[in-house]
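Biologist: Could you take me through one part of this model in some detail? I would like to look at the place where the two chains meet.

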Amino acid sequence: MRAWTFGRTSEAAGLRTKQAFGTAFRLGLHAASLAPLALLLYDDWAGRLSFNPIEDATRRTGQTALALLILALAVTPLVLVSGRRSLMTVARPLGLYAMLYASIHLFIFAVLDYGVRLDLLREAVLEKPYALMGLAAFVLLLATAATSLRGWPPWLGRRWWRWSQRAVLAAAPLVLLHSLWAVKVITSTHVAYTALVAFLLVFRVPSLRRRLERRLSEPLPREGAE
Amino acid sequence: MKDIDRSEITPEHLFLSRRKFMLGAAALAGAALLPGCGDRGGGSNTQTTVSPGPVGATTDELGQALTSFEAVTGYNNFYEFTVDKDSVADLARDFATRPWTVEVAGLVARPQVLPIDELLAEFPERERIYRMRCVEAWSMVIPWLGFPLRLLLDQVVPQPQARYVRFVAIDAPERLPGQRKYSFDWPYTEGLRLDEAMNDLTLIATGLYGKQLLPQNGAPLRLVVPWKYGFKSIKSIVRIELVQDRPATFWSSSAPHEYGFYANVNPEVDHPRWSQKSERRIGETGRRDTLPFNGYGEEVAGLYEGMDLRKDF
């Protein structure tokens, strides 16, 4: 599917404008997704991280991963409500960027913080629900990310592929639990994120989804697929 | 008290360079970094700033280096201002700690209301270098100035039925944004058993790094109980009260299953949601093993003989 299919295009000039707009939009998306990482590296270089830089970097990469995951989850509802099918194409890059930040988050935790000390890591993951939830969410995200790449669906089998694409839906609540359990006090940001995720998941209720889908010319592909 | 000269404190550019922890380099190095990470004996320790204190000691009794003055005064848990540890210093900058009076009352023969400067004049400061272990699993080594709480308690003469000491922090929502913003049961309160309070390690701190205490560290006076998690060391105290029954305390009232009255540092008793076996020393990368009673077992383990420290956590 072409990324910039906005609907009927009668004139070549109009098409070119839309192509240019689509390219700019995609570039903007990549720049915006990479900006938090660039800012983190800059702050580290400039010595502007917290006095507890590992905690700071862990928190920031985790927050960015969650924000990108929420944006990825918002794509389907946005398309269903707006009818702009072309938006569907941003779901995968958003999801993959969420995965990137989750990977850095996990790297900081396991390598920079725990120094790959297996005794402490094993205890943290097996005995502490926040770490277990985080790891479970990571595995689910990894499944969705890996099977979103070309070449995977055929040999995985349609059914499993579909479940792996839906795994991203389960990852979001797990990420929320992970962050709620890791902190001493729950702030209004936690509450807002939880409400937002719940709201976005409501659009996955089959009856509501079908009702909204009827207004589109053809049904949307399932989660994560282009 | 001997003040250290401002120039003796680590210059800002040196300290800033220490705050970089090479996230970028580490991320690029990737797997190449793996073998050395578990070893905390090497270069990582050298990141801790050593600034001279008034008596010249640069390590604690275990040879662990002092945490930099900048980190000690720039990274604070003080919810009366904000829950953001890096922002407390800014918000507390103009917090006035004069006039200030401390009331010592309750079951005592000679209750007192002491203006802070009288109290400071009465109890000469000495330096104590203590490890501080936060319940959030980070730690510092801090050169405090202060005097043992015992000296103050001896002066007011506790009555025989006094069994606990209750501490109350300042309650001033108009000056403390956190008290307006967060719905905790303000003011902050803490408590110790009388024998814990009389232990020689238990300090009333009035300064650190040879200087008067700054607001973000709990000026003008705070408690320091080094073998307990940091939240026991209540800041900006206005009232010390001897009581018969175990007093309610801020965190144990807020989440009783997570924070106990005793709150002794104990690697064997985890927080319900995270491990207490290891800690991150501010200024270092990697983790240190957490010591029972934060390394002060010799001095204080006797206080808890026969107690089940899992139950009385």
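Predicted model: local features only at pLDDT ≥ 70, side-chain atom pairs only at ≥ 80, totals over all residues.

Modeller: The size of an interface is often given as the accessible area lost when the parts come together. For chain B and chain A, that buried area is about 3,400 Å², and carbon and sulfur atoms give 59% of it. On the chain B side 45 residues take part in the contact, facing 35 residues from chain A.

One pairing to pick out on your screen is B:Asp270 with A:Lys128, a salt bridge whose closest N and O atoms are 3.4 Å apart. On the side of chain B that touches chain A, two or more residues come from each of helix H1 (12–19), helix H2 (23–29), helix H3 (69–72) and strand E11 (278–281) of chain B. H2(B) gives the most, with 4 residues. Sorted by class, that side of chain B has 22 nonpolar, 11 polar and 12 charged residues.

Turning to the cores, the largest nonpolar one has 96 residues. B:Leu149 and B:Trp144 are among those with the most contacts inside it, and strand E4 (residues 138–148) of chain B supplies its largest share, 6 residues. B:Leu149 touches, among others, B:Phe167, B:Leu223 and B:Ile240. Another core, of 42 residues, lies apart from it and includes A:Leu37 and A:Phe138.

Conventions
Residues numbered from 1 in each chain as written. Chains lettered and ligands numbered in written order. Heavy atoms only, no water. Contact = heavy atoms within 4.5 Å. Buried area = accessible area lost by both parts, 1.4 Å probe. Salt bridge = Lys/Arg side-chain N within 4 Å of Asp/Glu carboxyl O. Nonpolar A, V, L, I, M, F, W, Y, C, P; charged D, E, K, R; others polar. Core = buried A, V, L, I, M, F, W, Y, C linked by side-chain atoms within 4.5 Å. Buried < 20%, exposed > 50% of the residue type's maximum accessible area, 1.4 Å probe, protein only. Lists of a residue's contacts leave out its neighbours within four places in sequence.
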